[in-house]
Amino acid sequence: MEKIASFTVNHLLLEPGIYVSRQDHVGKEVITTFDLRMTAPNREPVMNTAEVHTIEHLGATFLRNDSEWKDRDIYFGPMGCRTGFYLVLAGDLKSRDVIDVVTRMFEFIRDYRGEIPGAAPRDCGNYLDQNLGMANWLADRYLRNTLYHIDEAHLNYPQ
């Protein structure tokens, strides 16, 4: 069986950043999947499920309400390895094209206080597995350590 593209990225060299994971064609439309890597794989602790779940709820809510991107948002959710998130958007996009929306999304997550959207038994299959404080902290860390000074090395996968 052929190895999928995301398993060919050298995770020993991968650092936090925004990367184009893949581009797919659906009819005439291009769909771009972004790797929003928040921790250095195999070198930093992974995120716990509670904070990942909270980031997922807040990030999806932000994107689906963003006036510029809501009609292009297809999916936002966690990686199984818990080192980051996938963001899937309609369009032939590059990493640089989404720096602003990703930054604004993580500022929203960093600054969010109150009830987590969708964190109720009727709305979510595991509504109690949430950690807003850690989600705020991780968003702040990603902003300070990566997004606010992102460069080409953190916008393109290492070779």
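These legends describe close-up views of a predicted model.

**View 1. Helix H2 against helix H3.** Helix H2 spans residues 99-111 and helix H3 spans residues 132-145. Their axes come within 7 Å. They cross at roughly 145°. The crossing of H2 past H3 is left-handed. H2 contributes Val102, Thr103, Phe106, Glu107, Ile109 and Arg110 to the contact. H3 answers with Ala135, Asn136, Ala139, Asp140, Tyr142 and Leu143. By class, the residues of this contact are seven nonpolar, two polar and three charged.

**View 2. Helix H1 against helix H2.** Helix H1 covers residues 49-63. H1 and H2 pack at an angle of about 125°, and their axes lie 9 Å apart. H1 is therefore oblique to H2. The crossing of H1 past H2 is right-handed. On the H1 side, the contact residues are Ile55, Leu58, Gly59, Phe62 and Leu63. On the H2 side, they are Val101, Arg104, Met105, Phe106, Phe108 and Ile109. Nine residues of this contact are nonpolar, one is polar and one is charged.

**View 3. The surroundings of Arg37.** Arg37 sits in strand E2, residues 29-37. Arg37 has a relative accessible area of 3%, so this residue counts as buried. Its side chain makes a polar contact of 2.7 Å with the side chain of Thr83. Beyond four places in sequence, Arg37 is in contact with residues including His11, Leu14, Glu15, Pro16, Gly17 and Tyr19. Met79, Cys81, Thr83 and Gly84 are also among its contacts.

**View 4. Thr39 in the loop between E2 and H1.** Thr39 is found in the loop between E2 and H1. Its relative accessible area is 2%, so Thr39 is buried. Neighbours up to four places away in sequence aside, Thr39 touches Pro16, Glu44, Pro45, Met47, Thr83 and Arg141.

**View 5. Asn42, with a positive phi.** Asn42 also belongs to the loop between E2 and H1. Its relative accessibility is 67%, so Asn42 counts as exposed. Phi of Asn42 is near 65°, a positive value in a residue other than glycine. Most residues other than glycine have a negative phi.

**View 6. Arg82, with a positive phi.** Arg82 lies in the loop between strand E3 (73-78) and E4. Phi of Arg82 is near 65°, again positive in a residue other than glycine. With a relative accessible area of 28%, Arg82 is partly exposed.

**View 7. Asp92 in the loop between E4 and H2.** Asp92 lies in the loop that runs between strand E4 (84-90) and H2. Asp92 is exposed, at a relative accessible area of 51%. The cut-off for exposed is over 50%. A polar contact of 3.0 Å joins the side chains of Asp92 and Gln23. Residues up to four places away in sequence aside, Asp92 touches Gln23, Val30, Thr32 and Asp97. Arg43 stands 32 Å from Asp92, C-alpha to C-alpha, and 49 residues apart in sequence.

Methods
Residues numbered from 1 in each chain as written. Predicted model: local features only at pLDDT ≥ 70, side-chain atom pairs only at ≥ 80, totals over all residues. Heavy atoms only, no water. Axes fitted to C-alpha atoms, helices over the stretch in contact; angles between N-to-C directions. Helix = DSSP H or I, 4+ residues; strand = E, 2+ residues; numbered from the N terminus. Left-handed = near helix turned anticlockwise from the far one by under 90°. Contact = heavy atoms within 4.5 Å. Nonpolar A, V, L, I, M, F, W, Y, C, P; charged D, E, K, R; others polar. Buried < 20%, exposed > 50% of the residue type's maximum accessible area, 1.4 Å probe, protein only. Polar contact = N/O pair within 3.5 Å; in protein donor to acceptor, adjacent residues only side chain to side chain. Parallel < 35°, antiparallel > 145°, perpendicular 65-115°, else oblique.
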